[in-house]
Structures are given as C-alpha cells and as structure tokens.
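Have a look at the model first, then read on.

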Amino acid sequence: MSLSLLLGIFWALAATVTALLPMRFQFVPGLTLLILAPVLICFIGYQHGFWVALLGLAAFVSMFRNPLRYFWRKAFAKGTEGAE
C-alpha cells in the first residue's frame, strides 16, 4: 500500500477519534485535520490519479460538511453586517 493511502487511513482514524471527543476538545485537532486534508488529497491525487483524489475530496466534504458550511457562510456573507 502506498504512503499516501496509509496517511489517508491514519487521517480518517484521527478524524473519528476527534469526533468522539467532547466538543470543547475538538477544536484544535479538528482544525489541524481540516488544514491537512487538502495537502493529503493532493498527495493521493499525485500518486493515484485524479479520480481517486476526487473520491478523497468527496469523503472529506462529507466528514467536514458543517465546519465547511460555516466557513463558507462566514467568508461569503453579503450584507449581514449591520442589518439589524
């Protein structure tokens, strides 16, 4: 098995363990996993091709859909400042 897939497996296990933590302890490891995911997906894509990287991206978006939705809304919110 390639290094990129082994790292992907360890990343998925770390994400699972992080999800089992109480919410107040999830922030730092969750943010670390969120930052490392694109690098790991690119590495998997480099070693195994575009379609495998696309599957990894789909799994990543599925696992982190709520934080990604939050950051998307925060980054692209229009006109919500001062609309009281």
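For residue classes, Ala, Val, Leu, Ile, Met, Phe, Trp, Tyr, Cys and Pro count as nonpolar, Asp, Glu, Lys and Arg as charged, and the others, Gly among them, as polar. This is a predicted model, where local features need pLDDT of at least 70 and side-chain atom pairs pLDDT 80 or more, while totals for chains, interfaces and linings use all residues. Residues are numbered from 1 along each chain as its sequence is written, and side-chain values use heavy atoms, leaving out hydrogens and water.

**Largest pocket**
- By class, its lining holds 12 nonpolar, four polar and one charged residues.
- Of the 17 lining residues, Met-23, Gln-26, Gly-30, Phe-64 and Pro-67 lie nearest the centre of the largest pocket. A pocket here is an open set of points on a 1 Å grid over the protein atoms alone, where a 1.4 Å probe fits, with protein on both sides within 12 Å along at least five of seven lines; lining residues have an atom within 4 Å of a point.

**Second largest pocket**
- Its lining divides into 13 nonpolar, two polar and no charged residues.
- Gly-8, Trp-11, Ile-44, Gly-56 and Ala-59 lie nearest its centre, among 15 lining residues.

**Helix α1**
- Helices are DSSP runs (H or I, at least four residues), numbered from the N terminus.
- Ser-4, Gly-8, Trp-11, Ala-15 and Thr-18 of α1 are buried (under 20% relative accessible area, 1.4 Å probe, protein chains only).
- On the other side of α1, Phe-10, Leu-13, Val-17 and Leu-20 are exposed (over 50%).
- The buried residues of α1 pack against α2 and α3, with contact meaning heavy atoms within 4.5 Å.

Terms used
Helix = DSSP H or I, 4+ residues; strand = E, 2+ residues; numbered from the N terminus.
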